[in-house]
Amino acid sequence: MNLKQIAAEKAVEWIKDGMTIGLGTGSTAFFAIQKIGELVKAGLQVKAVPTSGSTEQLAREFGIPLTTFAEAGKLDITIDGADEVDSQFNLIKGGGGALLREKIVAAHSKTFIVVVDESKLVPTLGTFPLPVEVIPFAYEWTMEEINERLQADFKPRMKDGQKFVTDNGNYILDYSFGTIPSPTDVQEKLNCLTGVVEHGLFIDMADIVIVGRADGTVDVL
Ligand code: 5RP
């Protein structure tokens, strides 16, 4: 039993004919996209906005019709994974580097459903490294200022020996705080820093959290 799969497939039950949907990014969102693809083949009529290039490719492979915000307006439902979820439904996202589009899509959705296996539930956010997306231009200064302000040690995310580059052409800085007692405090400090595009704290955004449990059950929180 794949816990990510049972959570993701449960979330797909919220999708009805005629809806516009946001498609998340990552290994849990994959199962939702796969299931939606099956339902589309069976006649479900939906249009989707993907949160990353990889999700766009998957949606095309599974035959899910795509749309744009210009055409769709506010989306009905977005289904996405998360790296950590606390008891207030605050999240850390961006392990896959898609946090900017994920946040935009979630913010413009009537219902944002988060799908996770139970290992993602935490009492306090902060063990998973918090990603911050920054403009490459003068990123060293941006990183220094973030580290000073937050008393942290953010470092560029690397991939194959090179700095990881997001779908938006930016860099990601990561740092594990251990615990983040006040996510809003960290958010406020990051929000007003020049050079920061977005960060992976999703505070007060999730409407529903669906959890795949090790005993094979699914909780809708
Ligand atoms: C990508 C994300 C993902 O939702 C998050 O990393 C969870 O991924 P997975 O479902 O593979 O564990 O935020 O940017």
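This is a predicted model: local features need pLDDT of at least 70, side-chain atom pairs count only at pLDDT 80 or more; totals for chains, interfaces and linings use all residues.
## The nonpolar core

The largest nonpolar core contains 53 residues. A8, A11, A32, V114 and V115 have the most contacts inside this core. Helix α2, which covers residues 27-41, contributes the most to the core, with 6 residues. In soluble globular proteins, nonpolar side chains tend to be buried together.

## Helix α1

The buried residues are L3, K4, A7, A8, E9, K10, A11 and V12. They pack against helix α2 and against the strands β3 (75-80), β6 (109-117), β14 (208-212) and β15 (218-220).

A11 is one of the buried residues of α1. Apart from its neighbours within four places in sequence, A11 is in contact with A32, I79, I113, V115 and I210.

## Around the ligand

The ligand is surrounded by 17 residues, of which G26, T28, G81, G95 and G96 are the closest. Helices α2 and α5 (99-107) each supply at least two residues of this shell. By class, the shell has 10 polar, 4 charged and 3 nonpolar residues.

## A buried loop residue

T166 sits in the loop between β10 (162-163) and β11 (171-175). T166 counts as buried because 23 other C-beta atoms lie within 10 Å, and the cut-off is 20 or more. Not counting residues up to four places away in sequence, T166 touches G97, L100, E133 and I172.

T166 and A11 are 155 residues apart along the chain, and their C-alpha atoms are separated by 27 Å.

How values were computed. Residues are numbered from 1 along each chain as its sequence is written. A nonpolar core is a set of buried Ala, Val, Leu, Ile, Met, Phe, Trp, Tyr and Cys residues joined through C-beta atoms within 7 Å. A residue is buried if 20 or more other C-beta atoms lie within 10 Å of its own, exposed if 12 or fewer, and partly exposed in between; C-beta atoms are placed from the backbone. Helices (H or I, at least four residues) and strands (E, at least two) are DSSP runs, numbered from the N terminus. Two residues are in contact if their C-beta atoms, placed from the backbone, lie within 7 Å. A residue is near a molecule or strand if its C-beta atom, placed from the backbone, lies within 6 Å of it. Ala, Val, Leu, Ile, Met, Phe, Trp, Tyr, Cys and Pro count as nonpolar, Asp, Glu, Lys and Arg as charged, and the others, Gly among them, as polar.
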